[in-house]
Amino acid sequence: TPCDDRNICTDTSSCQAGVCASAQVETGCQVADSLVEFAAPQGASGWFYGFWLAQDDPTYEPADFELGVFNNGAYEPVDPMGSPFIYLRDFGVHPQFDPLRMPVRRWISDVQGPALVVVEVGKSDTSCGDGVEASLVVDGALEMTKEIAFDDGNGATIPVAVELVVGTKVDALLSARTHGGC
């Protein structure tokens with residue numbers, strides 16, 4: 001249960017009646033969930049959904065984030081540049097290869113303290129393509145990258161320790177490798 005006081009439990013506290021309090025450590029004090037909290041409008045529960053046009057910009061920075069528009073249960077770029085495949089849904093995303101554009105799932109922290117961001121990535125269509133690469137960027141610093149092979153339906157779960165302050169931007173990106181159709 002998320003702590004109502006929006007603090008993250010530490011080694012010396014736990015969630016008790018919605019408040020982080022000193023006592024036994026309780027595991028699983030979760031403050032955000034990109035699957036459960038996926039919604040329109042932008043900003044609900046601190047979540048924003050957008051895209052990064054990476055074709056001519058080799059380094060992602062938080063200012064590169066462009067908000068998407070909600071359409072039929074998914075966020076899409078304002079200008080899809082001819083690609084019918086690029087989208088961001090609750091259960092997955094699809095990048096664009098030409099021009100290279102990545103879906104970005106952004107959460108802006110309303111809590112502070114040490115936290116564990118858990119990135120889950122895998123391929124849903126394992127019959128084609130050449131895989132994807134997931135990245136986690138926290139306030140502009142690259143914290144994690146993970147390549148997933150084209151046939152890796154199981155994927156990976158990667159825990160990343162971060163230090164949050166109110167306003168920290170946590171961006172999860174997914175890139176096509178050299179093939180954008182699958």
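Hi everyone, let me start with a pocket: the residues lining the second largest pocket split into eight nonpolar, four polar and one charged. Before I go on, please keep in mind that what we are looking at is a predicted model.

So, back to the pocket. Its volume comes to about 190 Å³. The biggest share comes from S11, with three residues.

Now let's step back to the whole chain. How many helices and how many strands are there? The count is zero helices and 14 strands, and reading along the sequence gives β-β-β-β-β-β-β-β-β-β-β-β-β-β. The chain has 182 residues, and 38% of them count as buried.

Next, the aromatic rings. Searching the whole structure turns up seven aromatic pairs. One of them is Phe38 with Phe70, a tilted pair with 6.5 Å from centre to centre and 50° between the planes. Why does this pair tie together separate parts of the sequence? Phe38 lies in the loop between strand S2 (19-22) and strand S3 (47-53), while Phe70 is in strand S5 (residues 69-71), so the pair joins parts that are 32 residues apart in sequence.

With Tyr75 it makes an edge-to-face pair, 5.8 Å centre to centre and 80° between the planes. Tyr75 lies in strand S6 (residues 74-76) and Phe38 in the loop between S2 and S3, so this pair ties together parts that are 37 residues apart in sequence. Tyr75 counts as buried, with 1% relative accessibility. If you follow the ring pairs along, you will see that they link Phe38, Tyr49, Phe70 and Tyr75 into a cluster.

Over the ring of Tyr87 sits the charged end of Arg89, 5.2 Å from the ring centre. Over the face of Phe65 lies Arg106, at 4.2 Å from the ring centre.

Hold on to Arg106, please, as we will need it again for the last topic. Side chains of opposite charge can pair when their charged atoms come close. How many salt bridges does the structure hold? There is one. In this salt bridge Arg106 pairs with Asp171, and their closest N and O atoms are 2.7 Å apart. Arg106 is in strand S9 (residues 101-108) and Asp171 is in strand S14, so the pair ties together parts that are 65 residues apart in sequence. Are the two partners buried or exposed? Arg106 counts as buried at 6% relative accessibility, and Asp171 is buried as well, with a relative accessible area of 1%.

Conventions: Residues are numbered from 1 along each chain as its sequence is written. This is a predicted model: local features need pLDDT of at least 70, side-chain atom pairs count only at pLDDT 80 or more; totals for chains, interfaces and linings use all residues. Side-chain values use heavy atoms; hydrogens and water are left out. Rings of Phe, Tyr and Trp (its six-membered ring) pair if their centres lie within 6.5 Å; planes under 30 degrees apart count as stacked, over 60 as edge-to-face and the rest as tilted. Helices (H or I, at least four residues) and strands (E, at least two) are DSSP runs, numbered from the N terminus. Buried means under 20% relative accessible area, exposed over 50%, partly exposed in between (1.4 Å probe, protein chains only). A charge sits over a ring if NZ of Lys or CZ of Arg is within 6 Å of the ring centre and within 35 degrees of the ring normal. On a 1 Å grid over the protein atoms alone, a cavity is a set of points where a 1.4 Å probe fits but cannot get out, and a pocket is an open set with protein on both sides within 12 Å along at least five of seven lines; lining residues have an atom within 4 Å of a point. Grid points are joined across faces, edges and corners, and a volume is the space filled by probe spheres set on the points. Ala, Val, Leu, Ile, Met, Phe, Trp, Tyr, Cys and Pro count as nonpolar, Asp, Glu, Lys and Arg as charged, and the others, Gly among them, as polar. A salt bridge is a side-chain nitrogen of Lys or Arg within 4 Å of a carboxyl oxygen of Asp or Glu.
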